[in-house]
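Biologist: I've got a model open on my screen and I'd like to learn how to read it. Could you take me through a few features?

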Amino acid sequence: MRNARRQTSAGRAAGAVASLLVAVTSATAAQSDPQDFTQVERGRYLAIASDCASCHTVPGSGRPFVGGRPIETPFGNIVAPNITPDPETGIGAWSDDAFDAAVRRGLRPNGARLYPAMPFTAYTKMSRDDVLAIRAYLNTLEPVRNAVVANTLPFPFNIRAAMRVWDALYFKEGEYKPDPQKSPAWNRGAFLVDGPGHCGACHTPKSLLGGDKTSEYLQGSTLQGWFAPDITNDSRRGLGDWSADDIAAYLRTGHTGITAATGPMAEEISLASSHMTDGDLQAIATYLKSLPGRQDSPQPLRADNPDMVAGQAIYRDQCSACHGLEGKGVPRLFPSIAQSSSVRSTDPATLIRIVLRGARSVATDAEPTSPGMPSYGWQLDDAQVAAVLTFIRNAWGAAAPAVSAQDVGRARSDLALRPD
Amino acid sequence: MARKLPKKDVVIVGLGWTGSIMAHELTDEGLDVIAIERGPWRDSPTDFPPSYMQDELRYRVRHELFLRPDQTTFTFRNKMDQTALPIRTWGAFMPPNGVGGGGVHWNAETFRFLPSDFVLRTHLTERYGAAFLPDDMTIQDWGLTYDDLEPHYDQFEYLCGTSGTAGNLKGQIQEGGNPFEGPRSRPYPTPAQKQPFSNTLFAKAARELGYKPFPQPSGNLSQAYTNPLGMRLGPCTYCGFCEWFGCGNYSKASPQTTLLPVLVRKSNFSARDNSEVTRINTDGSGKRATGVTFVDSSGEEWEQPADLVILSAFSLFNVQLLLLSKIGEPYDPVANKGVIGRNLTHQTISSVNGFFDNKKFNFNPFIASGAIGMCIDEFNGDNFDHGPHGFVGGGYVGQVQTGARPIESTLTPPGTPKWGAAWKNAVRDNYLSTVKPGTGVHGSFYAYRDVYCDLDPTYRDRFGRPLMRMTIDFHDNEVKQNAFLTDKFAEIIQAMGANKVAKQYRVAPYDVTQYQTTHVNGGAIVGADPKTSALNRYLQSWDVPNLFVLGASAFPQNAGYNPTGTVAALAFFAAAAIRNQYLKNPGRLVDA
C-alpha cells in the first residue's frame, strides 16, 4: 500500500515536469521525443565532447551551464550566456530552430550574429540531430535564473553587424562530410577534432581579425597567456614522438610518461576528454597522427653560448631535483623536459608562464596526484628565466630558438594582470 | 548559541594521518564524512615548494608548521607537588597544526613495534617476575597483539611506499634486515635508501662489534612509487630538510602525497579548515555522542551533528578534548582511579657526537633524509636480558643522517670556546668531519602513576576553559636505560674512528625546553579493562561507543621506536572494525 502511494506521487511529479517541458518546447516539437533516454544520453555525451560546461560555467561556482564566465579574446571579454532551460534568462523559450541556428550558424534568435568565442565555426560540422540532442540534454537540467550581459567588448568590436563581414571571410558553414578514402576511426577523429572538440579554436593560429590561419592548421597558437602547442604529427614540436595510445592516455588521464596537462588543457581534460570513450580518444589520436607537421630542422645553440652556460647552471641548481640532471623527470610525476615537445614550441609563452608562476597539473580519477611546480618568478630575474629556458630548449638533443629577457619581461607584465 | 549544521554520518576531528586514513576508509564504505581541522589547509606544491621550503629559520627556528601557543597550550610541571606553568614556546615536543598534521613535518621513520611490546606487562612479569618492575610503573598490555596489527602495518607501508630491508619474512630471518622485528607478510614496497658514508661506516663498526645493523625503514623513498590508490611519489633527493619541514618533492610519505588528493575527489567527503573543535557533545545519558561544536576563524560557533565521532587530533589534544567534554572518568593519581589522562609518556632520547680527523674523513653531512640511517636493535624492547642491568625497556641506536642545516649544525669538540675566532675555526674544521646522529639513542618511556594529564586549576584558554596540565618527569628506570644505551652507542661511534666522542646523557628532571621528539603518547589508552583504559582494543571509547579515539594517545606506554607506523596501523585496525563490525551493529564492540 505504501509502495503504491509512493509510486503515484512520483508519477505525478514526473508528469508535472514533463508538462512544463512541453509548455516550453511545444511550439517547435521536434520529430524525436525530447525526453527519449537515447536522445538525452547522446546529447549529454556531445555536450561533453563539445566542452559546453567549460565556457558556460564560472569555474568553482558549482553552477554548471548558468553562464557568467568571461571569455578572454584579443578583442576584449565576452561573457558566456546561461544555457539552462530557464525561459527568461536561459534558452528555455528558444525554438529548436533558434538553438540550431545559434550553435551551427552563429545566429541569435533576433538575427544578430554571435562572436566566434562561441565556436559555431566548428560546431557547424555537427548535424541538426546532434545539436537537438544537446538541446534535449540541456532541457533536462534544472532551470536557473541568471541574466548575463554577454557583450562586454569595447568599441568598435561591440558592433555585432561587423560579424557579417567576418563570417563571410572565415566561416564555412556545413556538416562534416566523411572522406570515403579514410578509415571510420580517422573520420570519427576528424569529426571530433574539427566539430564538437573545436581543437582549432586554441591550437590553430589566428589572423589579426581572429580567423583561422588554415595553412597552419593545428600547428599551435598563443592565447590567454598560454601557447596551445602544435598537435600535428610534427616530431619536434608536435605529436610525432607520441604513439596513438599516448595521445589517448593524455586525453583520458591528463598525463603521459613524458608530460602533463595544465592551464586551459587541464580544464578541457577534466571536463571533457576524461569522460569520453576510449574509442573516440583513439579516433582523435588516429586523426592527429595523420596530420603532417612542419618540415624544418633548426640547429641547436652551441653549448658554450653564454646563455646555455648560465642556463645549465641555473637548471642544476633549481630544476634538477625534480626533473633530473638529464631532464627526464619521473614518469607521471615530473615531466621529462628533455623529451617534451612542448618545451620546443615556436612560442615559449607556456614555458615562461610556468617558470614565472608555477603550474598545477590536472587531477583525474586515473591520475589523482596532480603534482605542481612552484613559482620561480620571485627568485629568478628575466635574464635568468630566459637563460634556463634557452638551455632546456637546446639541451639533450633539442633545438629551438633562444628565449630573450625581453620575452620574459613582457610575459611578466602580462601575467601580472591575469588570474591563475 | 551555536548554529546547527545538517547532520553527517561521521565527523572527524583533525585531518592528519589518522583522520585522513579514517576518512578514506569510511567514505569508501559510502558514509558521508566531514573532517574539521583546527589549522589551515596545506598542500605540497603551494605550501612547501622546493623553491623556498629549505628555510631553517622559517620552519625550524620560527616553527611555521606548528601550533601557535597563543591559540592553545598546556601547563607543565615535573612533580605533583609543584605548580604548573604554561608552555609559551614549544620545546620538548612540537604540536602540529593544519591539514596533514604531524604527517607533514615528520622524519618518516616508519617502524613497527616488537610483538612483545604489545603484551609488555605479561611478558616482563613472566621473564623477570613482578618484583623486577618498579612499584609505581603502570605499564599494561594493549589488549591487542602484533598479529592483529600486522596486516595494517603492511597497509600503511604500502600506502607510503616505505623503503627498507625486511629482517623477518613470515618467520624467516633475512640477511641485512632487522632480525629482531616481528614477522612481516611481505617485503617493504621499495628497497632501502642508499646510505651516505657516515652511515656505512657506522654499520661496519657495528658489525665488527658483533651487532646486526639494518637500514632504518624510511618514508622518504629510495625510488619512484605508485601506491594502491594511484598516488605517485618520487625518489628522495637527499636535501636534508625533512623533520620540521614539508616535502615539496613528493618523496616523503604524508597525507598530502598518499591520500588527500584521492579523498578530496570523493563527493561524500568534505572538510572545514581553520575551525577548532571545542567540545564533543553527548546526549542526556552521556553515553552517546551527538556530534561536535567548533569555532571558525570569525569566532562563530557551530554545531556539527553526526552519528559517529572520530577523534583524531594530536595525542595531547585528544586527551584535552575528552577532559573538556567530560567523556570518561578523569584520572586521579592519588586514588589510582579513572582513565582520561592516565599513562602519559614521551620518549627517552640522547645523542653522541663523534669528532673525526678532517684530513681523513669527509661525511658530507648535508646529504641527508629524515630516515636515512643504519641502526641496531640489540638493545630495544626486551631483545636482551635486562636481569643484570636493573631496568626494563630500551631502544634502537643508530647513525641517522638527517641533515646539516647551517643554524643548528655548528658542533664543536668539547673544550672549544663558545664564540670568537677559535669557535669559528672549530666550526669550519669540524663541519664535514663530525658525526651528529639525527636520532642517536631512541629509547622507550614507560608509564608511571605520577606521570599524567589533568585540567589545570589556574590557567585558562581563550575560551575561558582550563588548560590541560602535564605532570611528567623521568624515573630512574629510564635514566638507567638511557645511560646503558648511550654508552653502547658511544662504543660504536668510537669504533668508527672518532678522535673525540661527546656523550649527552638524558637525565632527570625532564626538561620541557629541550627538544626530544614529538612522540607524546598516552592519556586515552587502549586496554582490556575499562577501569584502567579509556578505549577497548578497537580504539572505541568504553563509555561512549559511537566515539573512536585514534592516535598515540592510545599507547599504554611508549616503545623504543618512532610511533607513526603503529599509530597508522591502529587507525586502519579501528577502521576495519568499524567497517566490518560496528556499522552492522552499532554498539560496544567488546563486552566489559
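Modeller: Let's begin with chain B and its radius of gyration. This is a predicted model. For 592 residues a compact globule would come out near 25 Å, and chain B has 23 Å, so the two agree. Along the principal axes, the C-alpha atoms of chain B fill a box of roughly 70 × 55 × 50 Å.

Biologist: What share of the 592 residues in chain B is buried?

Modeller: Buried residues account for 56% of them. Now take the contacts in chain B between residues at least 6 apart in sequence: 76% of these join residues at least 24 apart. In secondary structure, chain B has 13 helices and 25 strands.

Biologist: How do I read a sheet, then?

Modeller: Strands of a sheet pair through backbone hydrogen bonds, in either a parallel or an antiparallel way. In chain B, look for an open sheet of 4 strands in the order β5-β4-β22-β21, where the pairing is mixed.

Biologist: Which strands of that sheet in chain B stand at the edges?

Modeller: β5 (85-86) and β21 (452-460) of chain B do. Each has a single partner strand, so one side of each is left without a neighbour in the sheet. For one bridge, find Asp454(B), whose partner in β22(B) is Arg469(B).

Biologist: What lies across these strands?

Modeller: Helix α10 (residues 315-324) of chain B lies across β4 (74-77), β21 and β22 of chain B, and runs at about 125° to β22(B).

Biologist: Let's move to chain A. How many helices and strands does chain A have?

Modeller: Chain A comes to 16 helices and 6 strands. Its radius of gyration is 24 Å, close to the 22 Å from the globule rule for 420 residues, so chain A is as compact as a globular protein of that length. The C-alpha box of chain A is roughly 80 × 55 × 50 Å along the principal axes. Of the 420 residues of chain A, 46% count as buried.

Biologist: And how do I describe two helices that pack together?

Modeller: Two packed helices are described by the angle between their axes and the distance between those axes. Residues making the contact include Val40(A), Arg44(A) and Leu46(A) from α2(A), with Asp130(A), Ile134(A) and Tyr137(A) from α6(A). By class, the contact has 7 nonpolar, 2 polar and 4 charged residues.

Biologist: Which residues are buried in helix α11 (residues 263-271) of chain A?

Modeller: Gly263(A), Met265(A), Glu268(A) and Ile269(A) are buried there. The cover over the buried residues of α11(A) includes α3 (52-55), β4 (226-228), α10 (244-253) and β5 (359-360) of chain A.

Biologist: Last one: how many residues of chain B are in contact with chain A?

Modeller: 18 residues of chain B are in contact with 19 residues of chain A. On the chain B side, the elements giving two or more residues are α2 (44-47) and α9 (260-263) of chain B. The residues on that side divide into 9 nonpolar, 7 polar and 2 charged.

Note on methods:
Residues are numbered from 1 along each chain as its sequence is written. Chains are lettered from A and ligands numbered from 1 in the order in which they are written. This is a predicted model: local features need pLDDT of at least 70, side-chain atom pairs count only at pLDDT 80 or more; totals for chains, interfaces and linings use all residues. Two residues are in contact if their C-beta atoms, placed from the backbone, lie within 7 Å. Ala, Val, Leu, Ile, Met, Phe, Trp, Tyr, Cys and Pro count as nonpolar, Asp, Glu, Lys and Arg as charged, and the others, Gly among them, as polar. A residue is buried if 20 or more other C-beta atoms lie within 10 Å of its own, exposed if 12 or fewer, and partly exposed in between; C-beta atoms are placed from the backbone. The radius of gyration is taken over C-alpha atoms; the globule rule is 2.2 Å times the number of residues to the power 0.38. Two strands pair if DSSP finds at least two bridges between them. Axes are lines fitted to C-alpha atoms, for helices over the stretch in contact, and angles run from 0 to 180 degrees between N-to-C directions.
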